Amino acid sequence: MLRRVSLIGTVIGGGLAALAALFLWLGLTYVAAHATGSRPDRLTADVIVPLAGSSDRNAYARILWSRGVAPAVWSTLVDPRCLRRSGPGPACATGVRHTVDEAVVLRRLFEEEGVTRAIVVTSRYHVARASAIFAIVFAGTGIDIQFLATPDAGAASRSIVKEAASYLPSLGAAVLARVAPAAYDWSMERLEPSRCPHQTAGFRP
């Protein structure tokens, strides 16, 4: 009798866990599909930064720059200080591998360059996860980060599914990068041992 009760409890517990996981998944896919970021009206910043992964982000950042929203556009793929010193070249590559890396690199650059307000441009489906990552990495810095979504019509379902699947692991990596940078670097090197630090073609947003 006790064994039967224990089995029923296990089944019920497993069912509730599966139901909770389903609701979490549906919630994350909804957030990824409907996040829009800030409105571009009357925004100003020290710099505009399009996240890597899509040419649309770069194009929209240039449009915002041409409207006088900010005096400069930076890329997360190259160090702007190195560009000023040496010009374009592989030595200036930041080696970022994903969005958490981008946030870590930008935090260092913003603090060293005295940036207090920045606009980050990314795809609409990517706004929710990217803004959560940046909120963790930039916590306590006092730097104001505003996210703008590219004016696209939407995202393919596979992009939204990918975002939902990446959401919690990305937040975990962001927390690790924030509280234990050395441990974060070590874990990323173990997870992607074949990654060349200057390679950008395989960037994962």
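Student: Before we start, what do the numbers rest on?
Tutor: It's a predicted model, where local features need pLDDT of at least 70 and side-chain atom pairs count only at pLDDT 80 or more, while totals for chains, interfaces and linings use all residues. Residues are numbered from 1 along each chain as its sequence is written, and side-chain values use heavy atoms, leaving out hydrogens and water.

Student: OK, how many disulfides turn up in the whole structure?
Tutor: The search finds 1 disulfide (cysteine sulfur atoms within 2.5 Å). Cys82 pairs with Cys92, with 2.0 Å between the sulfur atoms.

Student: Where do those two cysteines sit?
Tutor: Cys82 is in helix 3 (residues 80-86) and Cys92 is in the loop between helix 3 and helix 4, 10 residues apart. Helices here are DSSP runs of H or I, at least four residues, and strands are E runs of at least two, numbered from the N terminus.

Student: Buried or exposed?
Tutor: Both Cys82 and Cys92 are buried, meaning under 20% relative accessible area with a 1.4 Å probe, protein chains only.

Student: Switching topic: where is Pro50?
Tutor: Pro50 is in strand 1 (residues 47-50), and it's buried at a relative accessible area of 3%.

Student: Which residues does Pro50 touch?
Tutor: Beyond four places in sequence, its contacts (heavy atoms within 4.5 Å) include Arg57, Ala61, Trp74 and Val121. The C-alpha atoms of Pro50 and Ala61 are 6.0 Å apart.

How values were computed. Buried < 20%, exposed > 50% of the residue type's maximum accessible area, 1.4 Å probe, protein only.
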